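Student: I have a model open and would like to learn how to read it. Please take me through it feature by feature.

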Amino acid sequence: MYDHRKLGRELGLFGTDPLIGAGLPYWLPDGAAVREALEEYIRAEERRAGYRHVYSPVLGKRELYEVSGHWAHYRDDMFPPMDVGGEEVVLRPSLCPHHAVIYRSRARSYRELPLRMAELGGMYRAELSGVLGGLTRVRAIQLNDAHIFCALEQVAGEVEGALGMIRRAYEAMGIRAVRYRLSLPGDSGKFVAGSEVWERSVGVLGEVLRRVGVPYEVGKGEAAFYGPKIDVQVADGAGREFTLSTVQVDFHQPERFGLQYVGADGAKHRPVMVHRSIIGSVERAVAQLVEVHGGAFPGWLAPVQVVVLPVSEGEAGHAEAFVERCVERGLRARVDGPERGSLGARVRGARLVPYQVVIGAKEAAEGQVALRLRGGRQVGVMAAEKVVGRIGGVVGARRVELW
């Protein structure tokens with residue numbers, strides 16, 4: 001059982017400092033490499049699925065969140081407003097109000113729907129000190145967020161598409177969902193009113209879950225304040241559950257922001273807003289990866305993907321040349337030379353690196369390398385260019401398997 005808080009620091013992925021503040025981790029180079037790989041993956045998957053990416057500010061006027069409903073229903077989880085030139089400005093707790101404003105920045109036609117808008121954006125939650133922990137509960141969050149503006153008859157298809165993206169992402173990351181939860185409103189006052197709208201939203205989500213054959217449980221009181229959602233639950237090394245991915249149906253904010261599109265009949269219609277997050281926050285995703293893999297990440301996520309081990313100083317130039325080939329192919333590679341100890345010691349030191357390339361005098365003379373995989377499997381001696389091509393292909397396909 002791995003604890004990402006301990007192992008993440010031992011591996012040099014992230015750290016914290018009281019001077020920066022609780023719940024505000026910083027990313028070290030190896031952790032930044034994992035995070036960047038995740039971000040590149042999700043952006044590519046979103047582009048492939050027809051999403052367009054936007055950027056929006058992490059600040060907004062208090063009035064923005066009064067319109068969205070966050071100020072009335074979510075204020076306790078928001079940081080206090082700042083007075084800027086006589087205006088009250090807050091750090092955003094969510095990206096959806098910004099995306100609603102971007103949607104309404106010009107007139108929209110039914111021909112544009114579904115309009116899929118995505119952003120890897122920062123948001124901030126005023127979490128209490130007692131619940132902060134590692135990367136799973138933080139105050140500064142980088143969220144893989146998206147909002148789909150669509151017609152009512154398109155909602156089910158978009159929800160199903162989002163669930164498919166979540167399933168494929170989990171396969172690529174080598175993690176699994178412990179359960180799916182259909183999160184419904186509770187009896188508290190934190191949920192917006194409108195029973196008919198809630199029933200319609202719950203019906204759509206339940207129908208899609210049943211159609212795709214995903215067993216699910218009902219969680220009363222776990223909904224977002226503006227609508228029900230599907231929560232994809234994962235578990236940490238201690239068996240504690242938390243939500244990583246979500247899909248939500250929202251009729252509330254389109255109405256609050258006065259969102260419209262012109263239909264085929266020439267009349268104005270209200271779109272539905274589908275919120276979805278495939279890998280959730282980058283922080284929670286990396287925490288889960290550390291705890292599941294114990295630092296032995298899938299090849300495409302590993303901070304260092306290839307370590308090159310020259311047997312002696314005589315092969316140092318060949319090792320550097322092999323690293324250059326790897327870097328040209330987009331791989332993260334380094335040389336661990338004889339100055340770092342015996343070959344056996346260097347192999348043990350690089351035990352978490354997916355690919356270990358050994359170059360002795362014979363391999364150097366013949367333009368070959370001896371390849372071994374993480375875990376000790378000996379692939380054998382092969383042409384250097386062939387090894388680079390094969391590793392690049394596996395990493396590029398974002399497979400969990402190394403060979």
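This is a predicted model: local features need pLDDT of at least 70, side-chain atom pairs count only at pLDDT 80 or more; totals for chains, interfaces and linings use all residues.

Tutor: Residues are numbered from 1 along each chain as its sequence is written, and side-chain values use heavy atoms, with hydrogens and water left out.

Student: Into which domains is the protein chain divided?

Tutor: Domain bounds come from an automatic or database domain assignment. Here domain 1 covers 4-293 and domain 2 covers 306-397. Their centres, taken over C-alpha atoms, are 40 Å apart.

Student: How many residues does helix α2 have, and what span does it reach?

Tutor: Helices are DSSP runs of H or I with at least four residues, strands are runs of E with at least two, and both are numbered from the N terminus. The expected span of a helix is 1.5 Å times one less than its number of residues. Helix α2 (residues 29-48) has 20 residues and reaches 28 Å from first C-alpha to last, close to the 28 Å expected. After α2 comes Gly50, with a positive phi near 90°.

Student: Is Ser281 buried or exposed?

Tutor: Ser281 counts as buried because its relative accessibility is 10%. Ser281 sits in the loop between β15 (272-277) and α9 (282-293). A contact means heavy atoms within 4.5 Å. Leaving out residues up to four places away in sequence, Ser281 touches Ile141, Gln142, Leu143 and Leu244.

Student: How many disulfides are there?

Tutor: A disulfide is a pair of cysteine sulfur atoms within 2.5 Å. The count by this rule is 0. For Cys150, the closest cysteine sulfur is in Cys96, 15 Å away, so the distance is too far for a bond. Cys150 is buried at 0% relative accessible area, and Cys326 is buried at 0% relative accessibility.

Student: Where does the backbone have a cis peptide bond?

Tutor: The bond from Leu113 to Pro114 is cis, with omega near 0°. Pro114 lies in the loop between α5 (96-103) and β7 (115-124).

Student: What is the phi of Arg398?

Tutor: Phi of Arg398 is near 50°, a positive value in a residue other than glycine. Arg398 is in the segment after α13 (384-396) and counts as partly exposed, at 22% relative accessibility.

Terms used. Buried means under 20% relative accessible area, exposed over 50%, partly exposed in between (1.4 Å probe, protein chains only).
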